[in-house]
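Please take a look at the sequence and the structure below. A short report on selected features follows.

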Amino acid sequence: MATSVRRERHYPRIPFWRRARRIVALATAACLIAAAFSYLPAMGGKHNVGIGVSSAEWLRANGGNAIVSEIENWYYSLTAPEKGGPGLSSLPQVGVAASEGGEEAEAKRVYRPARVKPIIHPALPGEGVWKPAGAHAGRRPPVLLTTFRSDPEYPQFVAGVAWINANRTHLEYVPGLAEPPEPLEHRGSGEVPPQLRKGLVATFNGGFPLETSNAGLIYRGKVIETMVNGVATIVEYRGGRINIVRWHQGETAPKNVWFAKQNLPPIIYEGKLNPNLSDGPEWGETVNNATRVWRSGLGVDARGNLLYAAANYQTVESLAMILKRAGAVRALELDINEDWTSFIGYRHPGAGEPSNLLPEMFRSPERYLVPDERDFFALYLRPGQRW
């Protein structure tokens, strides 16, 4: 009787490098599929910025902040401006004329900030002169605006500054549609509520996203992101007073704090520039502090009034010098890059005739009258105050 012999099959041995390549390819595909489940819905939502900016923000929020910052640093290094060049013959027109804003004789009876002393001579018409942001604002305008050339080595650079009367205005922190991230109670619609626009006098950008700043946020008296000692902080106390401080009250929300938004170390403190403004690592994984880009900042003067400043082609140090020249004794940096830097004044009640602080500002002056992804600040007249 014949016996059958079972033959074993021998399969060719796959080289290790080829197996490793397949593993890497499968892992990469899995990561891309997983990323797609996050990226595609994020891009499918409502946005008022381009797909490139939205993609960069998604990448930052998903662990790619260092990659985005490296690309931005490379780009801005290639497009850095050269020193010198022809000077300007005029400055952007901001604010309204004295006849619209109130009589000069009346204005002299109340406090106004001193004119910003020009650093390039001869001064251009209107340089450093404060003008009301709103028409028919009377002798105590809630917001004053000015422009001046900010750097003798770059005679074409123009800074825009807004002075905000603390006695006449009230500042509110407004969450955007996506920043701060979920979960968040009382988010709102990401815009200035229509019912509050009658008293609206200005709006401006709210600072780095929490993912980027690695700092804290208190909103409506509750800690949304853990507070960090030593970080510059915009604070509203429950009585309505606004201040800029170096936070020292720990991780929790003090009972007297209504909101507190943190963003990097102070750039000015007790009248002096931060001595570490040229120290890159202290300023987080953002565009390098020495890279010249659009930058914005918020300060407070010796009387407790706020000062907002913005300009293109600025370093952290040059931004601090702009705010100090305008009268700030404490200050912090807000947003950078043209996509996020916005200060909008309203010439008439009801958010009428909105206009950007500087004409080169990229975003629409209607920005905060429609839903926006990012958080911002809205400035209203105090109760009982008239336009």
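## Terms and basis

Two strands pair if DSSP finds at least two bridges between them. Helices (H or I, at least four residues) and strands (E, at least two) are DSSP runs, numbered from the N terminus.

The model is predicted: local features need pLDDT of at least 70, side-chain atom pairs count only at pLDDT 80 or more, and totals for chains, interfaces and linings use all residues. Residues are numbered from 1 along each chain as its sequence is written, and side-chain values use heavy atoms, with hydrogens and water left out.

Five strands form an open sheet: 5 strands in the order 4-18-5-16-17, with antiparallel pairing. Strand 4 (169–174) and strand 17 (352–356) stand at the edges. Each has a single partner strand, so one side of each lacks a neighbour in the sheet.

## Pairs within the sheet

Strand 4 pairs with strand 18 (residues 376–381) in the antiparallel sense, over 6 bridges. Here Leu171 stands opposite Leu379 of strand 18.

Strand 16 (residues 343–348) and strand 17 run antiparallel and are joined by 4 bridges. Ile344 stands opposite Asn356 in strand 17. Strands 16 and 17 form a hairpin, with 3 residues between them. In the turn, Gly350 has a positive phi of about 80 degrees.

## Helix 6

Helix 6 covers residues 316–326. Its buried residues (under 20% relative accessible area, 1.4 Å probe, protein chains only; exposed is over 50%, partly exposed in between) are Val316, Ser318, Leu319, Ala320, Ile322, Leu323 and Ala326. Just after helix 6 comes Gly327, with a positive phi of about 120 degrees.
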